[in-house]
Amino acid sequence: MSSINQLLLEAKSVTKYFGTITALENVNLKIHAGECLGVVGDNGAGKSTLMKVLSGLYKPSAGSLFFDGKEEILESPKDSQNLGLEMVYQDLALAGNLPIGENIFLGREPTKNIGLLKFLDYKKIKELTDAHLGKLKINVKSADQKVEELSGGQRQAVAIARSTAFNAKVVIMDEPTAALAIKEVGKVLDLINSLKKTGVGVIVISHRMDDIFAVCDRVMALFQGTNFAESELSKTSRDEVIGWIMGKK
Amino acid sequence: MENKDQEKESLYLKIMPYLEKYGILLLLVIMIVVMHFLQPDVFLSWRNVTNVFKQISWQSMLALGVFMVIVTAGIDLSVGSIMMLSLMILAIVAKAGAPWYIVVITPLIAGFLCGLFNGLGITLLRMPHPFIMTLGTLYIFRGTGNLISGGTPISGFTDEVRYLGHGRIDLTWLGLEKSQYLPVSLVLIAIVYIIFWIFMNKTRTGKWIYAIGGNPNAARASGINVNKILVIVYSLCGFLSGIGALILAGRTDSGYPNAGLQSELDAIAACIIGGASFFGGRGTVLGVFAGVMIMGILRNGLNLMDVSSFWQQVLIGSIIVLAVYIDVLRRDLGTRK
């Protein structure tokens, strides 16, 4: 794993209070280029809160975020997107009635000018889509296929492709295999692996030990809003990680 | 076995998009052929064909506006009332002696503002469904139209004002007879439909209208300002209703209180017959045109055959139910659960 080098994103002693409740306390997180970090923890351990802090949806009460070594203060998810951080939501956020390519570029469609008017550049959308799907080794019949005609795994693949179409450096995936049939889980995990090879840092939140152990290089456990344990994947075991989730070392 | 399934599926994938796009045109062609055989001397005569276009001219504008609204998974019940109010304002401005170019613009502005009112109401007042806002304005706009006119017809416009609804383009220079003219309203329908086809299919805003109908959350997550797009859509719908008012003014030479009564239902029917889905995100401009034509030809053909207008109601109603049932079947087949 020589590609693991550059530090893309670092969270230093992030603390988040909601009124009197402490959701996160002095939490640290690092993600490098080409690396996959698994984040595990029980419900309420602070996984979602941490991800929302990283994406700029919540402002941390204390602590700081470093993108490419530079401290940044995020006002909204738009800011984190501009810094190269993308979220893949559990509910996928795709428009079923539109083709794959138009979903990937939705809201950021390439256009061409004819006179003073701007028109959609369908040819470019198709070219960029084919190239991008090819790079991620995503197989679909055609980029013109409507998303509602795809299987759950293919939809997840399109959602991931969408998140990485604009030079994302870090992609956060919230339970990427939770809604999938068993035979499709493998394909999505393969996709995460090929994403890593392109140099993207991937953060996977998952309850499934199979997923964590198939794609992650490192795993960290949150327990009651604190860093509980962290390890290289090769130096731990399933039983140990399950123990961390329940607060046992 | 699997190979055969795949072949079947890929054939299905190839045919479906075409059937979805052009199936409704097939129905239109079949209707024209059937009518031609039933009324061989009259139906396809120059006079009757231009008549059909003149009759559908203002409905086609309302239907196009309602279509865009339906694509966003919304509904606009007020288009008939917008048209009536715009028509009344036009009549009053005309009677006040304003020059024709002012008179011609007033219904367009009035329609646009009514649509803007709908759009702002739906988004700013956060109405649970556009049905409620536009049901309210259905009454508000028609009531306002009656208030400003005293509920009585106002007649008599100049030729310039009547041009779009009543004008004729002479074709004698093509060697045709004097009676074989082209109605200006037909040309207008063609121009407006082409512009809106380009708008819906070739621009980002058009694409976003479809995206909002498909999944508003996806549109929002993609950074699309959903409320802004909705306001644009309802405003354009009002604007098209204003064009409808201008055409109607030309056709009837009068502003009258019952103008466009229940025509919102005709407009919705044309969209549904034309393949627009009430679930949003689905339908084509070409389909709406076919829907308007099917309703126009049905009425015209049944009139030619002296069939009672009560039967026309029954038939149009049946076609709506059938068209939606086909949409339901299509969704079952086309969508993986």
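Reply: Happy to. Let's begin with Lys137(A), which is partly exposed because 14 other C-beta atoms lie within 10 Å. The cut-offs are these: a residue is buried with 20 or more other C-beta atoms within 10 Å of its own, exposed with 12 or fewer, and partly exposed in between, with C-beta atoms placed from the backbone. This is a predicted model, in which local features need pLDDT of at least 70 and side-chain atom pairs count only at pLDDT 80 or more, while totals for chains, interfaces and linings use all residues. Residues are numbered from 1 along each chain as its sequence is written, and chains are lettered from A and ligands numbered from 1 in the order in which they are written.

Me: What makes the phi of Lys137(A) worth a remark?

Reply: Lys137(A) is not a glycine, yet its phi is positive, at about 55°. Most residues other than glycine have a negative phi. Lys137(A) sits in the loop between α4 and α5 of chain A, just after α4(A). Helices here are DSSP runs (H or I, at least four residues), as are strands (E, at least two), numbered from the N terminus.

Me: Why is Gln262(B) called exposed?

Reply: Gln262(B) has 9 other C-beta atoms within 10 Å, so it counts as exposed. Gln262(B) also has a positive phi, about 65°, without being a glycine. Its place is the loop between β4 (254-255) and α11 (263-273) of chain B.

Me: Why is Leu65(A) called buried, and what does it touch?

Reply: Leu65(A) has 22 C-beta neighbours inside 10 Å, so it counts as buried. Leu65(A) belongs to strand β4 (residues 62-67) of chain A. Setting aside neighbours within four places in sequence, its contacts (C-beta atoms, placed from the backbone, within 7 Å) are Ala11(A), Leu54(A), Glu71(A), Glu72(A) and Leu74(A).

Me: How do you know that the span of helix α4 of chain A agrees with its length?

Reply: The expected span is 1.5 Å times one less than the number of residues. For the 14 residues of α4 (residues 122-135) of chain A that gives 20 Å, and the end C-alpha atoms are 20 Å apart, so the two agree.

Me: What puts the buried residues of α4(A) on the same side?

Reply: The buried residues are Ile125(A), Thr129(A) and Leu133(A). They cover an arc of only 50° around the axis, so they share the same side of α4(A); the arc is that of the directions from the helix axis to the C-beta atoms. They pack against α3 (100-104) and α5 (152-163) of chain A. On the other side, Lys123(A), Ala131(A) and Gly134(A) are exposed.

Key. Contact = placed C-beta atoms within 7 Å.
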